[in-house]
Amino acid sequence: MKLFDQIMNDKLQKINWQFERLCVELGVPTYVKSRANSALEKYLSELEDDASIASHLIPFMVYTAVIDSSNPYGLDDPHRDKSSPCCTLGEILRKSGLNFIKFSKLVRQYWDTMDLSETVRKHISAVEKRYCIISPLFKTFEREWGTVFREEENQESIPFEKSEGTQEKKRLCWTLFLHAKDELMCDSEELIQTYLLLLCCLEFVLRATPAFLLQPPFDTLKLETTATALTSPTRGGSSSMLHKLADIFHTSIDELMSMHKVTQDYFQSLQAETGKLDVDMLSADYHTRQRQQGGLDELQFLQHEPYLMPQNNTLSQQTTTVNGTTTAVTPVRAAMNTVQQLKNLISDKTDHLEQLREHLKNCASKPEQAIVDRVSQLKLKFLSRYLETAGSCQGHVAEQRYTQATNLYYRVMNRLLDMEQERLAQSDFSGLLGNDVFHRSLLACSAEIVLMTYNVSWSLTASALSNVDSRFTFPWVLDAFGLYAFDFYKVLESYLKAEPNLTREIIKHLTLIENRILDSIAWKADSPVFELLSRCGSASSSSMSHCSDLISSETNGTSQAAEIYMSPSRGPASKGTVPGNIVFVSPRKGGVTAVYSKDSPEPSAPDTTHRSHSLNMFLNKVCRLGYHRLKTLSDMLLILKETQQKIWTCFEFCITFHPELLRDRHLDQMMMCSVYGICKVSDSEIKFKDIVKAYSSLPHANSQVYKEALLDDGTTDSIIAFYNRVYMQNMKNYILLFAKPVQPNLSPLPKPVSSAITASPVYSIPGRKNFYVSPLKKSPFKYPHSPCSMTPRSRQLYSFGEGLGSAEKLKSINESVSAFKSRSNLPYISNTKRTSSKRLNFENMDDQSQNQSEGIQDEVGSQMVVKKIRVTPPAPITEPGQPRRNSSTTE
């Protein structure tokens, strides 16, 4: 024991020595040092015998103390001290020899367990976002610099009066870029826009560089533009340079020209009387701003500072093969490719509204003018909200984004009407096209796709392109267009069916949005879901159907949004409704269920005991999502199948008969409480901490779900407190029924369905975040059209549809193959008749051949087996004088 204590004391002394040395080297004031030391001691007391890992957290403790001390009332306090912190994060990392990426991963590892202030969380998130843009851009900048500028072997041999050399130009370009980003981009999080700014900085420096320092064809272009400027000053411009940069770096010339217009006046304002930029002045201004922010010194990328530079493969997302050569796809190139895929759908050369006019002419209500006016009105609202979010300097970007969203909106609407015209055999869609909420939902979905495509940066946590932390992350678009999440969700599935050319990333993104709507966003206090449910709740509980009954009785859990809006079984709007309101009609009775709008959520229709079709579909999807998550969680906790169905019955009962429990809460909170409650009365109790631990490993898990559950008094507490004080108060009597000899009838399990939004073959692995598996796209094995089309080679292939069999089955197969080989030297005898107990059913050969030709795919657990028989061919006929061919010879 004494030896153990001595070892611990030695470790603590080493930690204290490292802490003291770092504080001295940084010149940390006493009050900051004391704050960091207190946090470190508190953490050491909780680690017990694992104190050795605390040495890795010393820089983090100092950093949190510095940020909290310099911002005691938060980063958003308008009266906070604007003075610089005592040291920056960059200085802390450089002195401690810690790379920023490793530091960031360390912070995320303890993000949920440490008591971090909101100030620290916001600051480190802002630094991470900025790094995830600047770092890949510097990698691209350094790699492509030699494409434009000549790398002189001996820069010192160049006379100063002729040029400062390309290294000085490189420093000027990077410094100008960092300076302009802070002034013009308003801390934009768009990787694409920031890359365009970097190209504009490159072009500005390029124009001021002698031709002999430029690579072809820029040297020739430089000479041509110089000669043009001398002979005709009004024509001397940079259009040719910009076109060449756009061509070489595969960017949009229109977007590059738009950014160029924004930057030129600013660049000119920075020039001194001599017409040159003072790089030292720009550096000094940047350092002043950087110290006030307390972040990283990005100018040190030029010196390849170890704490800034990522590993060689850290920022590589994927690889591509061109002419047999495999190369890494950088984040910048991946983002550009994603944007180009979107542009291929909405080419500026296509008048998407013109294509839609054919449908508009067939409408009795002539809705074209209303559609155009609505687009114009929503543009003003969108631009206003965009500028509030991104800054007033982003006006040209907001215009571009809305134009792209409008083009996509017209395109998808046209394709949707084509699809519905074929399905319903009608051409007058006045009812649908006169629905204001439908149009806003469709346009909002288009805007979400555009924003998602552009607002991406490299994610350190996901190691891929991501827009999760963007300020435009959903549900931003709902506020911009004045929509409820319940309305927006209804158009998602129809949108995907109408536009099958969307990328897999977009489909995945919209799927995640739908899941967020179903599990939490649609359950906000002001959601129309509760108004619709309250209409149903006025009836007695013998008239309330279980969600599982609805799943089996309605359209098998899937429906197009267009069917909800314009199903033939729906009746007209009730008297007194105003344009823009949604009228929900029961598909069984044809009566109005509820009428509401965003501005006036109070229903104006009479009560009915039947749920609307849209509400039924919503509850179906909620239950299906809940069951899928419950099944995954239960399997991780090794819960018995019988108990799992009891939990599902309780979970479904909570959603169906106590939907008020979901108000301003999360579906997963009800799931975890159902697991704990049923397991407790089923003599298979599971601790809540084990449930939370398993839940936290799910791909979609969020720590706030089990840390901040809403209580009835308006405060938030842990999931355990919610279970004791809220959940059990409503569900206790029902849960206790499962402890009695005669238990409630168990709810049937939802059957899997296929829909446009859930048909992706990619699936996640429980317990592995950001880990996805997808099937082989093209199998080398193909089904034969019929047994007679088999060749001697293909007859050797067996197809087993049962999955892996037992050892006895494999042994039997091996014995059969061995017996066949032992007879392989015998000649074929044409009059020999072989029998087999396992034959293909040739009576249904036509059906079987047809199914095989259509490419039937085996499902997991399928019992279908493709069997074979040995067909004895006649003896081969040989020419006189030729040797008889051995029957065992194959093609």
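**Entry 1: the whole chain**

I began with contacts along the chain, where contact means heavy atoms within 4.5 Å. Residues 24 or more positions apart account for 73% of the protein's contacts with a separation of 6 or more. I noted that this is a predicted model, in which local features need pLDDT of at least 70, side-chain atom pairs count only at pLDDT 80 or more, and totals for chains, interfaces and linings use all residues. Residues are numbered from 1 along each chain as its sequence is written, and side-chain values use heavy atoms, with hydrogens and water left out.

Next I looked up the secondary structure. The protein has 33 helices and 10 strands. These are DSSP runs numbered from the N terminus: helices are H or I with at least four residues, strands are E with at least two.

How many of the 891 residues count as buried? I found 47% of them. Buried means under 20% relative accessible area, exposed over 50%, and partly exposed in between, with a 1.4 Å probe and protein chains only.

**Entry 2: the nonpolar core**

I turned to the largest nonpolar core, which has 226 residues. Such a core is a set of buried Ala, Val, Leu, Ile, Met, Phe, Trp, Tyr and Cys residues joined through side-chain atoms within 4.5 Å. Phe 481, Phe 488, Phe 618 and Tyr 727 have the most contacts inside this core. Helix 8 supplies the largest share of the core, 13 residues. In soluble globular proteins, nonpolar side chains tend to be buried together.

I picked Phe 488 and set aside its neighbours within four places in sequence. Phe 488 then touches Ser 441, Ala 444, Cys 445, Phe 474, Val 477, Leu 478, Leu 483, Ile 513 and Ile 517.

**Entry 3: helix 8 against helix 10**

I followed helix 8 (residues 191–207) to helix 10 (residues 239–248). They pack at an angle of about 135°, and their axes are 10 Å apart. That angle makes helix 8 oblique to helix 10. Axes are lines fitted to C-alpha atoms, for helices over the stretch in contact, and angles run from 0 to 180 degrees between N-to-C directions. Under 35 degrees counts as roughly parallel, over 145 as roughly antiparallel, 65 to 115 as roughly perpendicular, and the rest as oblique.

The crossing of helix 8 and helix 10 is right-handed. A crossing is right-handed if the near helix is turned clockwise from the far one by less than a right angle, and left-handed if anticlockwise.

Which residues meet in helix 8 and helix 10? From helix 8 I listed Leu 199, Leu 202, Glu 203 and Leu 206; from helix 10, Met 241, Leu 242 and Leu 245. Six residues of this contact are nonpolar, none is polar and one is charged. Ala, Val, Leu, Ile, Met, Phe, Trp, Tyr, Cys and Pro count as nonpolar, Asp, Glu, Lys and Arg as charged, and the others, Gly among them, as polar.

**Entry 4: helix 15 against helix 18**

I looked up a second pair. The axes of helix 15 and helix 18 (residues 436–454) come within 11 Å and cross at roughly 45°. Helix 15 is therefore oblique to helix 18. Their crossing is right-handed. Helix 15 contributes Ile 371, Arg 374, Leu 378, Phe 382 and Tyr 386 to the contact, and helix 18 contributes Asp 436, His 439, Arg 440, Leu 443, Ala 447 and Leu 451. I noted seven nonpolar residues, one polar and three charged.

Most residues other than glycine have a negative phi, and most peptide bonds are trans. I searched for exceptions.

Pro 216 and Pro 217 are joined by a cis peptide bond, with omega about 0°. Pro 217 sits in the loop between helix 8 and helix 9 (218–231). Another cis bond joins Phe 474 and Pro 475, with omega about 20°. Pro 475 is in the loop between strand 4 (464–466) and helix 19 (476–481).

His 304 is not a glycine, yet its phi is positive, about 55°. I placed His 304 in the loop between helix 12 (279–293) and strand 1 (318–322). Is Lys 366 buried or exposed? Lys 366 is exposed, because its relative accessible area is 54%. Its phi is positive too, near 50°.
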